[in-house]
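Work through the exercises below with the structure open beside you. Try each task before you read its solution.

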Amino acid sequence: MSPGRIVRWRKLLYRGRTALGEQRGVVVSAARLSRRDMVKFSALGAAAVALPLGRVVNAKAVSRLPASRLPKPYTLPFVVPPVLAPVGATDRGEPIYEIRERLATAEILPGFQTPVFGYNGMTPGPTIKAQRGQPIVVRMINELPATHPQWGYTPWTSCHLHGSASKPQYDGYASDITQPGEVKEYHYPNIQDARTLWYHDHGVHHTAENAYMGLAAQYHLTDGVEAGLPIPKGAYDVPLILADKMFGVDGSFMYDDAGHSGLWGDVILVNGRPWPSMTVAKRKYRFRVLNASLSRGFRLQLGNGAPMTVIATDGGLMPAPQQTTQLRIGMAERYEVVIDFAAYKKGDKVELRNLGVPNSVDYDNTGKVMQFEVTDDPFDPAGNEVPAALNPNMDVMGLLPAQAKTTTKIEVIRKNGFWTVNGQTWDDVIKSEYKKVVANPKYDEIQIWEIKNSSGGWFHPVHIHLVDFQILDRNGKPPFAFEKGPKDVAYVGENEVVRAIMKFTNQTGRYMIHCHNLPHEDHDMMVQFRVGDDTADNDPIESDRPRKA
Ligand code: C2O
Ligand code: CU
Ligand code: CU
């Protein structure tokens, strides 16, 4: 099929999606395509994503590279991102970290140099380790080129520390952009419970491309509660950053979000490596799983169906560990999972698979994530337990529905060709000079948010900045066992209503709410709320401007 024809096809498919998807989330246009056309189309790539997935024949691949140039799953070694060291300290003794956002290359596929946007040139970026009660400063320097070499846009950035109750001016507010050649210092308070956070780009309308190009990394906050537990630590506390990519013939990342519906790559990276294999000792490991994909949801399962123990959710340790054989993880969600390899023999291989979720496109190898290969190497026996009580976290998990006087309704919905929240877009916020809000809780107010997705064709992982919340129910039923901890992203599935309770504390000012399918967020499923009042010291754009680097 000629490129022109592909474009026409995509327009046709996408028109079907927008016109009909708005009403019922079911795309009828696809029914008119023959199965042969769909297969042909899928093989060509991204256009397949505009189809209702229940009816899509799974395609083999979307990358333009011949399959022979992609590594075989489980042949490359597993790596862990390095830990970042501070470069100095403020007069108040706060450690200062420096990160340069740069265009660099990475050998992701053997024999290819893939252009990436890296924090210090790396993707994922270096891990930052912080202690509760010790604020830090991150000096973020945008050294990206004035225009993206292939995609032509200006890579302005705004760094968001996802999971942190930072002040609005340090929260990576989408429109608080730092242009190439500018620098901004972010102040992180580290006032919350221990947790796995992540920092990623949030620059308005280019969050998806910037994050996809590589601007994402973990940040670990520790505290006395966590330190006092005999759970795996140190070498046995391991980040797993999942992301899917598609590659062009030259090994560069391809970007195709199928008319802003989503991007589903055929290559699964863990910590930047395709389908790696990790050697493990016969003991417990704690994996900090982060789904850093733009649009792909995962349902993780061990190849032999063995149980995994979830000990923490987005906002840190759960009151009690939860066993599960399947773990669904939407974009931006974090789950800390303990897997015990004690019962295996040397040489045993345990696969971590992805069973997939509705409305994420599967390809030949997207059902594979990584492999663990068991050794009988000696190991440190410390921190090899999961106690029955972890962290009661009464501030979040102790909230009771009766304490909430207000229920705020949030509807994620496609309207007039845009992704919206309550019919509003970020452009409406911009037009209001950043004043328009969907909620204005008082400081310390407790509210229930009822988040509704009436589409059958899309799921939306909804992220509320600033707060941790407790999921009360999903379509009136209890949340999954693995969700029974503090959260900041709620997977709002097809035709679901999720109710969550939260306390608006720690800061005042304006914060974003958005879908974490980043092409949805950029176009333009993002709005904001305000806690308390606006002040001179909480304006997300004006209170602390970037400066020339
Ligand atoms: Cu992870 Cu508003 O973002
Ligand atoms: Cu966030
Ligand atoms: Cu969405």
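This is a predicted model: local features need pLDDT of at least 70, side-chain atom pairs count only at pLDDT 80 or more; totals for chains, interfaces and linings use all residues.

Residues are numbered from 1 along each chain as its sequence is written, chains are lettered from A and ligands numbered from 1 in the order written, and side-chain values use heavy atoms, without hydrogens and water.

**Exercise 1.** Find the residues that coordinate the copper ion (ligand 3).

*Solution.* Look for donors (N, O and S atoms within 2.8 Å of the metal, or 3.2 Å for Na, K and Ca; water is not among the atoms, so sites may look incomplete). They are His 460 (ND1), Cys 515 (SG) and His 520 (ND1), at 2.0 to 2.1 Å. Helices (H or I, at least four residues) and strands (E, at least two) are DSSP runs, numbered from the N terminus.

**Exercise 2.** Which protein donors does the copper ion (ligand 2) have?

*Solution.* His 160 (NE2) and His 463 (NE2) lie 1.8 to 1.9 Å from the ion. His 160 sits in strand β7 (residues 159–162) and His 463 in strand β27, 303 residues apart.

**Exercise 3.** Which strand gives the most to the lining of the largest cavity?

*Solution.* Strand β11 (residues 237–247) does, with three residues.
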